[in-house]
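Student: I would like to go through this protein chain one question at a time. Please end each answer on the value or name I ask for.

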Amino acid sequence: MNLGIAGRWALVCAASKGLGKACAQALVSEGVNVVITARGEEALNETANQLRALNPAVTVIAVAGDISTAPGRAAALAAHGHFDILVNNAGGPPPGDFRDWDREAWIKALDANMLTPIELIKATVDGMAERGFGRIVNITSSAVKSPIESLGLSNGARSGLTGFIAGLARQENIASCNVTINNLQPGSFDTDRLRNNLIEAAEGLGQDSEAFLDECRQEIPAKRFGSPEEFGAFCAFVCSAHASYITGQNLLIDGGAIRSM
């Protein structure tokens, strides 16, 4: 299927690895020019070179910096004159007990997982509406639908973004202008972050890490972790010309792990 987005420009956040990188790869494969951001310059530049090799016909611009800061956002937005596609993504805050989190911990979580996406949407959505095309995708978490006890910082910040998007996506001057805003809610995907978190959890329980990983897979109806590539492909479809009637939605991608109707 031709997704009808060749030649568009996308800003993809936290794109040096994991799900952000997979989204950038899928978009580049469809002929989309990308600006990719991440804090780690070396890994980001390596990813940029891989994307250029994947499709030499597109332009790939790497902007290293912290997207959760005003200077980081300004640098990313200045890399190109306009964006047709925005993929908001950021690593989740650490787990813990809410009794141990001070105001600074909460503000840091809100900055990364709620306020930064809102600021980037604010900077791009009106231009998208004026040009008659826009796709905004926020990578949140399946924990928004089924909160994880130890991830209170993430549950709170991402749920705040979800509530904000529910209203914004349906505003007439956005929805009627071929601009869609959706949230992708990933479950367990086979990324370095997931593996590291699960190995750490296994060690904390005194269990063999590989056996623990397999146990986690067996709890998913699909009996496996998702691949970043299939997540990226889904993201690219949601950004496509064919997805213009999908907006304000929370799209769960989790192998059936969340048991709800």
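Student: Is Ala14 buried, partly exposed or exposed?
Tutor: The model is a predicted one, and Ala14 sits in the loop between S1 and H1. Buried means under 20% relative accessible area and exposed means over 50%. The relative accessible area of Ala14 is 24%, so Ala14 is partly exposed.

Student: What is phi of Ala14 near?
Tutor: Ala14 is a residue other than glycine, and its phi is positive. The value for Ala14 is near 50 degrees.

Student: Where does Asn178 lie, and what is its phi near?
Tutor: Asn178 is in the loop between helix H6 (172-175) and strand S6 (179-186). With a relative accessible area of 25%, Asn178 is partly exposed. Asn178 is also a residue other than glycine with a positive phi, near 60 degrees.

Student: How many Å apart in space are Lys21 and Thr47, C-alpha to C-alpha?
Tutor: Along the sequence, Lys21 and Thr47 are 26 residues apart. They are in contact, as the list for Lys21 includes Thr47. From C-alpha to C-alpha, the separation is 7.5 Å.

Student: Is Asn138 buried or exposed?
Tutor: Asn138 is part of strand S5. Not counting residues up to four places away in sequence, Asn138 touches Asn88, Pro117, Ile121, Leu161, Ile165, Ile181, Asn182, Asn183 and Leu184. Its relative accessibility is 0%, so Asn138 counts as buried.

Student: Is Arg217 buried or exposed?
Tutor: Arg217 lies in helix H8, residues 209-218. Beyond its neighbours within four places in sequence, Arg217 is in contact with Arg195, Lys223, Arg224 and Phe225. The cut-off for buried is under 20%. Arg217 has a relative accessible area of 17%, so it is buried.

Student: What separates the C-alpha atoms of Arg99 and Ala123?
Tutor: Arg99 is in the loop between S4 and helix H4 (103-131), and at 64% relative accessibility it counts as exposed. Arg99 and Ala123 are 24 residues apart along the chain. Their C-alpha atoms are separated by 35 Å.

Student: And what separates the C-alpha atoms of Phe164 and Gly248?
Tutor: Phe164 is in helix H5, residues 152-168, and counts as partly exposed at 32% relative accessibility. Phe164 and Gly248 are 84 residues apart along the chain. The C-alpha atoms of this pair are separated by 10.0 Å.

Student: How compact is the protein chain for its length?
Tutor: Its secondary structure comes to 9 helices and 7 strands. The radius of gyration is 18 Å, close to the 18 Å that the globule rule gives for 261 residues, so the chain is as compact as a globular protein of that length.

Student: What percentage of the residues in the chain is buried?
Tutor: The chain exposes about 12,600 Å², with carbon and sulfur atoms supplying 51% of that area. That figure concerns area, while the question concerns residues. Of the 261 residues, the buried ones make up 46%.

Note on methods: Residues are numbered from 1 along each chain as its sequence is written. This is a predicted model: local features need pLDDT of at least 70, side-chain atom pairs count only at pLDDT 80 or more; totals for chains, interfaces and linings use all residues. Side-chain values use heavy atoms; hydrogens and water are left out. Helices (H or I, at least four residues) and strands (E, at least two) are DSSP runs, numbered from the N terminus. The radius of gyration is taken over C-alpha atoms; the globule rule is 2.2 Å times the number of residues to the power 0.38. Buried means under 20% relative accessible area, exposed over 50%, partly exposed in between (1.4 Å probe, protein chains only). Accessible areas come from the Shrake-Rupley method with a 1.4 Å probe; for residues, only the protein chains shown count as cover. Contact means heavy atoms within 4.5 Å.
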